[in-house]
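Okay everyone, thanks for coming. Let me put the structure up, and then we'll walk through a sheet and some helices.

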Amino acid sequence: MTQPLMILVRPQMGENIGAAARAMLNFGLDGMRIVAPRDGWPNPKAVAMASGAGRLLDRAGLFADLPGALADCHYVFATTARPRELTKPVVTPEEAMAQTRALIAAGKKVAILFGPERTGLENDEVAQANAIVTVPVNPEFPSLNLAQCVLLTAYEWRRQTDGTIPVPEVDLATSVERQHLGDHYEDVLDKAGFFFPETKAANMKRNLRSMWARLPLTRADVQMLHGMLRQVVRRLG
């Protein structure tokens, strides 16, 4: 098992199960277990809401009780926004996913518990977890939607395991092309009397060159800037 299991305990609305599936697949997670769903299983509303993540629901494990869903798990996190009279480590999603990565690397199976929408996990259910995950939300309004809570956890998992964001390839301008652009602007601005007074001209030109070097200009950017300046010169004679 190379990723954590997301276990939905007694979920009430099929739409929220489907939305949770979408959130999971958005961030590369596909291991879902469902414990005693209120409206039975399969649930057409969950499938409709899941949209392209329907295959995740097709593979979801269905369990009658929480002990059954946790039987093969080595370490369990329980998500809750409420303070509990239980002596357990309390961690943020970031800390939980860092621990999860280490545990999985050591060959352990890790599960994250999410409670039903109206009440969240019961104390007896939280008691079966090794640690508690709490999101630092507004204390005056701490309640999170089931899918939102799943999304926050899944995002943190993805961020830590694959933190790179695809960057489209860009055709950056070369140093020579930026130099020619600087020459063009300096020449025109010099003729327009921009570099004044003369005692400050050298520093002004240096700052202008520094600006061109600092900007991540593409070749298309350079061509457009040349064209803009040429058009201004033409129009002004």
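So, start with valine 35: its bridge partner in β3 is phenylalanine 63. This is a predicted model, where local features need pLDDT of at least 70 and side-chain atom pairs count only at pLDDT 80 or more, while totals for chains, interfaces and linings use all residues. Residues are numbered from 1 along each chain as its sequence is written, and side-chain values use heavy atoms, leaving out hydrogens and water.

Strand β2, residues 32-35, runs parallel to β3 over 3 bridges. Strands here are DSSP runs of E, at least two residues, and helices are runs of H or I, at least four, numbered from the N terminus; two strands pair if DSSP finds at least two bridges between them.

Zooming out, the open sheet has 7 strands in the order β3-β2-β1-β6-β4-β7-β5, with parallel pairing. At the edges sit β3 (61-63) and β5 (90-91), each pairing on one side only.

Now the helices. Helix α5 (93-105) and helix α7 (146-161) have axes that come within 9 Å and cross at roughly 55°. Axes are lines fitted to C-alpha atoms, for helices over the stretch in contact, with angles from 0 to 180 degrees between N-to-C directions. That makes α5 oblique to α7, given that under 35 degrees is roughly parallel, over 145 roughly antiparallel, 65 to 115 roughly perpendicular, and the rest oblique.

Who touches whom? With contact meaning heavy atoms within 4.5 Å, α5 contributes residues including Met97 and Ile104, and α7 has Trp157 among its own.
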